[in-house]
Amino acid sequence: MADTVRDADETGIRGEIRVSVRNLVEFILRSGDIDNRRKASPDADNMIEGARIHRLIQSRMGSDYHAEVMLREVFPYDAFDIVIEGRADGIIYKDDLTDVTIDEIKTTYKDVDRMEGPDPVHLAQAKCYAYIFAHQNRLEAITVRMTYVNRFDQKIVYFHDRYTYKEVRNWFFDLLSEYEKWAKREFEWIKTRNESVARLEFPFEYREGQKELMSQVYRTIIHKKKLFLEAPTGVGKTISTVFPSVKAMGMSHASRIFYLTAKTVTGSVARECFDILRSGGLKFKVVSITAKEKICPLEVTDCNPVACPYAKGHFDRVNEAIFDLLTGSDDHSRDMITEYALKHMVCPFEMGLDLSLFSDAVICDYNYVFDPNVYLRRFFGDTCENDNIFLVDEAHNLCDRAMDMYSADLYKEDIMHMKNLVRAVDNKSSRALDTVNRKMLLIKRETESIKVYDDIPELIMALNRAMARLDELLDDKDRFEGRDEILELYFKIRHFINMYDNIGDNDYVIYSELSEGGKLMVKLLCVNPSRSLKLRLLKARSTVFFSATLLPVKYYRDMLGADPDDYAVYANSVFDPDKRGLFIASDVSSKYTRRNDLEYDRIARYISDMISARRGNYMVFFPSHAFLSRIYEIFEERYMNGDTEIIRQRSSMSEEEREVFLAHFCAASPGETDLIPFDRKDTLVGFCVMGGIFAEGIDLKNDSLIGALIVGTGLPMVCNERELMKKCYDEQGLNGFDYAYRFPGMNKVMQAAGRVIRTIDDVGIVTLLDERFLTPPYRRLFPREWSNYEICSVDTALDKVSEFWEMFH
């Protein structure tokens with residue numbers, strides 16, 4: 001659980017294990033139950049506003065108050081040093097050091113007048129600082145002051161404790177002795193790991209340009225930069241990013257790799273990559289963070305000591321479970337975590353999160369790094385080190401995901417519902433929510449359809465008051481009717497307030513919108529997540545964003561937090577361009593003004609002609625389910641024949657239904673995960689939606705898919721929100737239409753096209769069914785591999801695609 005571990009080197013420099021004060025006390029001193037009936041810890045999510053309050057309090061203190069004091073102490077052991085470090089919020093002393101007080105500030109929603117004493121872990125953090133300062137300055141005694149500040153009214157309560165040097169020293173070394181076995185274990189493992197990295201060889205024959213690509217990744221890590229890597233399918237982007245990252249770790253340039261994914265399937269590919277390296281002799285512990293519902297041993301996931309025996313006393317037993325696994329196995333797979341968790345009667349999900357502290361690589365969803373509500377605070381809190389490597393797979397997905405993460409909305413109707421739920425149990429909360437409702441009613445009266453605001457301070461003030469009341473209610477009462485709903489809405493309000501505090505220059509639009517049914521929504525719309533992402537990226541030494549569709553790179557640099565001197569690389573495709581036929585229709589479009597029966601029929605005819613030249617499996621991608629349904633009906637009615645089977649993507653499909661859909665294109669051998677193509681004698685056409693579940697993240701190799709037809713340019717639907725985004729980008733001097741519509745749309749097009757040609761042996765066609773692709777604004781966005789294309793019409797399409805297939809008879 002060290003923040004960083006450095007092995008000893010040949011020059012005689014001793015090994016070093018560094019751990020922050022906060023991580024040390026939170027890991028060693030935790031106890032009790034997992035309880036989802038309780039809120040998160042009071043200061044866990046107040047980072048932005050909490051820092052502001054810290055500065056405000058510090059500025060009010062006199063000249064004897066020294067703010068943000070960095071403290072560090074080295075404790076020598078046989079082969080290594082343990083370095084304990086952290087930043088004290090404040091230290092109060094005069095020049096002669098006659099009376100010293102360590103001040104630890106915490107912000108909370110709680111009524112501070114009702115607090116009876118400090119949180120034990122908070123106090124322990126301050127006592128660590130007290131020992132270090134007292135030891136380094138030879139003090140006989142020292143005072144610890146815990147300062148709790150109500151976030152809403154900024155009311156303050158203090159708790160003072162005074163300790164002799166001997167008392168605080170004995171307490172501290174008892175704590176350190178508890179950590180010693182973990183430090184020794186971790187140091188021994190890092191030594192073993194680094195020796196294995198030094199011996200590790202690349203497990204494959206190098207593809208063209210792959211060595212240079214890996215060199216670029218390694219240089220990026222060494223120089224502490226970010227890299228934007230456009231890596232077409234087939235270049236081996238997973239191994240090309242993982243291998244140099246592992247080598248950098250072996251040279252002590254980083255302590256941990258975070259392989260970040262948007263979908264489970266890409267996480268599986270990363271896991272396979274690490275397994276290949278491990279089979280080649282690499283000693284490397286890899287944890288995949290699995291969704292709680294998938295790893296929970298109970299039928300119903302309800303994380304509290306009443307409903308779950310694994311939640312009861314979890315924190316009393318989990319450290320023992322972790323140490324048992326660390327000493328018993330190097331396998332940190334989901335099955336192994338579950339086995340040890342059940343053995344020790346602890347929650348396997350929470351144990352997996354904790355085990356990540358002792359892992360060399362963590363494979364997880366973007367959320368665990370970037371989401372302000374669920375990011376891993378043990379790695380990315382204020383005091384944590386920044387020597388991680390972030391490998392962001394399918395990075396084109398992060399733009400929209402991040403905008404969603406940092407946006408927030410509230411509905412007036414939800415506030416009213418919450419008010420009615422609490423009325424019977426707490427009048428104060430009910431009155432506070434009534435005030436929020438009245439503030440939203442004023443906004444509703446001002447909103448005809450949509451209204452943009454510069455600020456909403458009165459609503460935020462009312463929400464802060466309500467949060468303070470709800471905080472007391474949820475702390476005081478574990479059980480009452482409607483509590484789960486109230487807790488869910490509580491978190492939603494808290495997120496709204498936190499995102500309001502997060503607003504910066506030009507990255508948010510505040511607006512209200514009235515639906516046709518009369519529902520009022522107030523939204524904090526994040527239109528550019530760059531600044532927010534940058535704060536998270538500071539927790540990495542280096543970040544590599546990679547995707548097969550990262551064009552135009554300037555757009556992704558603008559949206560994902562690039563600095564001017566960060567790198568961008570376009571990896572050349574290893575595929576033979578002659579094996580892909582690219583056709584662009586010159587006489588059809590999905591424009592709203594062109595949507596009529598004649599145009600629909602022309603599109604259906606294009607599909608029929610394109611699939612007639614060669615039997616096989618095809619996918620057709622549409623801009624919406626409605627558009628898909630209309631073409632599906634026409635095709636089925638007018639262009640079906642006995643050799644063609646058609647299937648369609650539904651608007652909501654279960655995991656089983658998705659598997660059945662894909663099974664039409666391929667078959668899985670028993671016990672295997674690789675997809676094996678059917679030996680088809682007829683033609684299969686799958687009707688799908690661009691940007692949907694079958695448009696990316698599926699790997700249909702060989703003859704499993706020989707053609708992709710893409711209807712339209714993928715533009716997001718025109719709506720109030722997109723128009724606000726467009727206006728905002730225009731005001732910033734950017735091309736608003738490009739940033740709000742064209743670039744996100746074109747990415748969906750390229751992702752859909754990428755379903756064809758997955759290996760060097762594949763042959764297939766891509767057809768773009770929209771004349772707009774022939775215009776300069778779109779052609780400028782084509783990847784290099786699309787430089788050669790055929791223009792066709794509905795009358796020439798069959799002949800042209802037939803000519804292409806004749807080359808491969």
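Buried means under 20% relative accessible area, exposed means over 50%, and partly exposed lies in between (1.4 Å probe, protein chains only). This is a predicted model, in which local features need pLDDT of at least 70 and side-chain atom pairs count only at pLDDT 80 or more, while totals for chains, interfaces and linings use all residues. Residues are numbered from 1 along each chain as its sequence is written, and side-chain values use heavy atoms, with hydrogens and water left out. Helices (H or I, at least four residues) and strands (E, at least two) are DSSP runs, numbered from the N terminus.

**Surface charge**

- Aspartate 302 is partly exposed, with a relative accessible area of 32%, and its place is in the loop between α8 (292–295) and α9 (314–328).
- On the surface, Asp302 belongs to a patch of negative charge that also contains Asp484, Glu485 and Glu488.
- Patches are made of residues with over 30% relative accessible area and no salt bridge; like charges are joined within 9 Å, and nonpolar side chains (Val, Leu, Ile, Met, Phe, Trp, Tyr) within 5 Å.
- Accessible areas come from the Shrake-Rupley method with a 1.4 Å probe, and for residues only the protein chains shown count as cover.
- Asp and Glu count as negative and Lys and Arg as positive, whereas His and the chain ends are not counted; the place of a charge is taken as NZ of Lys, CZ of Arg, CG of Asp or CD of Glu.

**Buried strands and their partners**

- Strand β25 (residues 707–711) is largely enclosed by the rest of the structure, because 5 of its 5 residues are buried.
- Gly707, Leu709 and Val711 point one way from β25, Ala708 and Ile710 point the other way, and all are buried.
- Two strands pair if DSSP finds at least two bridges between them.
- Strand β20 (residues 617–622) pairs with β25 in the parallel sense over 4 bridges, and methionine 619 stands opposite alanine 708 in β25.
- Strand β26 (residues 764–769) runs parallel to β25 and is joined to it by 5 bridges; here leucine 709 stands opposite threonine 767 in β26.
- Strand β17 is also described as largely enclosed by the rest of the structure, because 8 of its 8 residues are buried.
- Strand β8 (residues 226–230) pairs with β17 in the parallel sense over 5 bridges, and β12 is joined to β17 by 5 bridges, again running parallel.
- Phenylalanine 545 in β17 is the bridge partner of phenylalanine 228, and valine 392 also stands opposite phenylalanine 545.

**Backbone features**

- The peptide bond from leucine 551 to proline 552 is cis, with omega near -5°.
- Proline 552 lies in the loop between β17 (540–547) and α20 (553–560).
- Glutamate 68, although not a glycine, has a positive phi of about 50°; this residue is found in strand β3 (residues 65–76) and is partly exposed, at 35% relative accessible area.
- Glutamate 394 has a positive phi of about 45°, although it is not a glycine.
- Glutamate 394 lies in the loop between β12 (388–392) and α14 (398–405) and is buried, with a relative accessible area of 13%.

**Salt bridges**

- A salt bridge is a side-chain nitrogen of Lys or Arg within 4 Å of a carboxyl oxygen of Asp or Glu, and the structure holds 48 salt bridges.
- Aspartate 360 and arginine 193 meet through their side chains in a salt bridge (2.9 Å, N to O).
- This pair links distant parts of the chain, with aspartate 360 in the loop between α11 (348–355) and β11 (361–365) and arginine 193 in helix α4, 167 residues apart; both aspartate 360 and arginine 193 are buried.
- Lysine 343 and aspartate 324 form a salt bridge through their side chains (2.7 Å, N to O).
- Lysine 343 lies in helix α10 (residues 334–344) and aspartate 324 in helix α9, so the pair ties together parts that are 19 residues apart in sequence; lysine 343 counts as exposed, at 56% relative accessibility.
- Arginine 438 forms a salt bridge with aspartate 434, with the closest N and O atoms 3.2 Å apart.
- Arginine 438 and aspartate 434 are separated by about one helical turn, because they are 4 residues apart in helix α16 (residues 427–446).
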